[in-house]
Amino acid sequence: CCSRPWRTRSAGRVVSGPSIDIASRNADTSYVARSLPFVGRAAERDAMTAAYASVSAGQSRVLLITGEAGVGKTRLVEYLIQQVGSAESKAHVRVGESAPLAGAALAYGPFVSALGERAAWLLADGEPGDMAAARHRLFERVLMLLADLAAEAPLVLVLEDLHWADESSHELLAFLAVRLREVRVLVVATL
């Protein structure tokens, strides 16, 4: 049912291989990235290392990793996570992803995904009143939550695929980029 041979072209001829049982394959391939050495990208790795060193010293940083689909943005983030996980002062790492939806994106999607149960209130119905004041209070509350999470060890907050995120997420990220200042938070966003 779910087994099929593979075929490919090599120098004008068809090369066939054994059947692969697709039903029994695990869709999680993250182990591949961890098992292979990270080659190249020395400048990017140095920039990430320097940013994390600044965060460890008490200064917040925001890294924006951009590039075409498939160039290795997520692999670069995985390298950073591996490095900060093995650092002397282990960082707290929270990863959130934006959902690729047609039409309207989910409100604060990558933040809710990264912060989970700690930020369920992001989706709660607000009190009626001034929308600008309510948004400001919400942004301040996220700032306080990140400061609390970073109190014991540096926090690495990864926000993947921001091109799929809603405008509120972009505005919250801009607010945090200005207001985090001396909180040990490294925000890494891929776009």
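**View 1. Strand β5 and its pairing with strand β4.** Six bridges connect strand β4 (residues 92-97) with β5, and the two strands run parallel. Within this pairing, V93 has V156 of β5 as its bridge partner. The model shown here and in the views below is predicted.

**View 2. Strand β5 and its pairing with strand β6.** Strand β6 (residues 185-190) is paired with β5 through five bridges, again in the parallel sense. A189 in β6 stands opposite L159.

**View 3. Side chains of strand β5.** From β5, L155, L157 and L159 point one way, while V156, V158 and E160 point the other way. The residues of both sets are buried. Because six of the six residues of β5 (residues 155-160) are buried, the strand is largely enclosed by the rest of the structure. The set that includes V156, the bridge partner of V93, also contains the acidic residue E160.

**View 4. The salt bridge between E171 and R135.** Two salt bridges are found in a search of the whole structure. In one of them, the side chains of E171 and R135 meet with an N to O distance of 2.1 Å. E171 belongs to helix α6 and R135 to helix α5 (residues 131-149), so this pair ties together parts that are 36 residues apart in sequence. E171 is partly exposed, at 31% relative accessibility. R135 is likewise partly exposed, with a relative accessible area of 31%.

**View 5. The salt bridge between E140 and R179.** The closest N and O atoms of E140 and R179 are 2.7 Å apart, and the two residues form a salt bridge. This pair links distant parts of the chain, with E140 in helix α5 and R179 in helix α6, 39 residues apart. R179 has a relative accessibility of 32% and therefore counts as partly exposed.

View 6. S169 is a residue of helix α6. Is S169 buried or exposed? Its relative accessibility is 1%, under the 20% limit, so S169 counts as buried. When neighbours within four places in sequence are left aside, S169 is in contact with Y108, G109, P110 and F111.

Key:
Residues are numbered from 1 along each chain as its sequence is written. This is a predicted model: local features need pLDDT of at least 70, side-chain atom pairs count only at pLDDT 80 or more; totals for chains, interfaces and linings use all residues. Side-chain values use heavy atoms; hydrogens and water are left out. Buried means under 20% relative accessible area, exposed over 50%, partly exposed in between (1.4 Å probe, protein chains only). Helices (H or I, at least four residues) and strands (E, at least two) are DSSP runs, numbered from the N terminus. Two strands pair if DSSP finds at least two bridges between them. A salt bridge is a side-chain nitrogen of Lys or Arg within 4 Å of a carboxyl oxygen of Asp or Glu. Contact means heavy atoms within 4.5 Å.
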